[in-house]
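Please take a moment to look over the sequence and the model together before reading on.

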Amino acid sequence: MTQRAFFFDLDGTLAVDNRSASDTDIEAIRAVRRQGDLVFLCTGRAPCQVYEAIRSIGFDGEVTGGGTHISLGDKILYRNKIRSDTVRKTISAFLENGGTCILEGEQNLYSVNPRPDGWEAPFPAITHPDDFTPGKGKYSGQVLLKFFAFADSCNGFSHLFLPEFNIIDHGESAFECVPKPSSKAEGMRIILKTVGIDRRNSVAFGDSPNDLEMLKFAGTDIAMGNAPGIVKSAADAVTASVSENGISAALRKYIKTHNLAGGTEQSK
């Protein structure tokens, strides 16, 4: 029996609003694992943002921070932290120009500047370009993995920092900045190579534009019913929404045959 690897996005796929996944979806994922397949979390959230209700599902490993931080069991396989000089340059650009961003690290999230509409992030405020500089800053030694920029506040100067990042456009409101060469797809590749599973035997579930590379990379990709049209049109299949137990619905359909990819495998 061919072993497969299943990759699950978190927000909008497993759960919403920091809640638990449904009991139905949790049991379906655990059933996949009991039959000998491997299951992985694959999320844009930094490791510090993955909460216990999700980790307790029982994953074999995690791709977090949009592919910047990868673990298998208790072992860290890969960490792509933002270089110190890039951190300093990026913070300087926001402090000098007034834009807003959320820096995402291993230990915490941090904010640079409140938004013009008065919204302030509930995270420690960054007030100096050297706040993360080794041996100097108040957060010296803490690892930053990616950041989330509010486009409406920084489009005028985004060229100062974007070249060093893979950019995921979330529309007019914001974009996700992941240091090159990291992505969810690259995280999957590292996991699959480590566990010895062929890409064709991988399955990915997602709902967001930041899942598109992951879905394209997988042997079989399944979009959630609550995904936007751009994600649904790129997927091999569309299941029910997260609120309708879309994961378990898809797994029930395919798990019995143990040939999830079917005729779409060869097109990947």
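The lining of the second largest pocket in this predicted model divides by class into six nonpolar, three polar and two charged residues. The residues that line this pocket are Lys 81, Ile 82, Arg 83, Ser 84, Val 87, Phe 132, Pro 134, Gly 141, Gln 142, Val 143 and Leu 144, and the volume of the second largest pocket is about 210 Å³.

The largest pocket, for its part, has a volume of about 540 Å³. Its lining is made up of 23 residues, and those that lie nearest the centre of the pocket are Asp 11, Arg 45, Gln 49, Glu 104 and Phe 148. Sorted by class, the lining of the largest pocket holds eight nonpolar, eight polar and seven charged residues. As for how such spaces are found, rolling a probe the size of a water molecule over the atoms shows where empty space is left.

Is Asp 211 buried or exposed? Asp 211 counts as buried because its relative accessibility is 0%, and buried means under 20%. The side chain of Asp 211 reaches the backbone nitrogen of Asp 207, at 2.8 Å, and, if residues up to four places away in sequence are not counted, Asp 211 touches Asp 9, Lys 184 and Gly 206.

The last stop is helix 3, which covers residues 84-97. How far apart should the ends of this helix be, at 1.5 Å a residue? The 14 residues of helix 3 should span 20 Å, and since its end C-alpha atoms are 20 Å apart, the model agrees with that expectation. Within helix 3, the buried residues are Thr 86, Val 87, Thr 90, Ile 91, Ser 92, Ala 93 and Phe 94. After helix 3 comes Gly 98, a residue whose phi is positive, near 85 degrees.

Note on methods:
Residues are numbered from 1 along each chain as its sequence is written. This is a predicted model: local features need pLDDT of at least 70, side-chain atom pairs count only at pLDDT 80 or more; totals for chains, interfaces and linings use all residues. Side-chain values use heavy atoms; hydrogens and water are left out. On a 1 Å grid over the protein atoms alone, a cavity is a set of points where a 1.4 Å probe fits but cannot get out, and a pocket is an open set with protein on both sides within 12 Å along at least five of seven lines; lining residues have an atom within 4 Å of a point. Grid points are joined across faces, edges and corners, and a volume is the space filled by probe spheres set on the points. Ala, Val, Leu, Ile, Met, Phe, Trp, Tyr, Cys and Pro count as nonpolar, Asp, Glu, Lys and Arg as charged, and the others, Gly among them, as polar. Buried means under 20% relative accessible area, exposed over 50%, partly exposed in between (1.4 Å probe, protein chains only). A polar contact is a pair of N or O atoms within 3.5 Å; within protein, one must be able to donate a hydrogen and the other to accept it, and residues adjacent in sequence count only if both atoms are side-chain atoms. Contact means heavy atoms within 4.5 Å. Helices (H or I, at least four residues) and strands (E, at least two) are DSSP runs, numbered from the N terminus. The expected span of a helix is 1.5 Å times one less than its number of residues.
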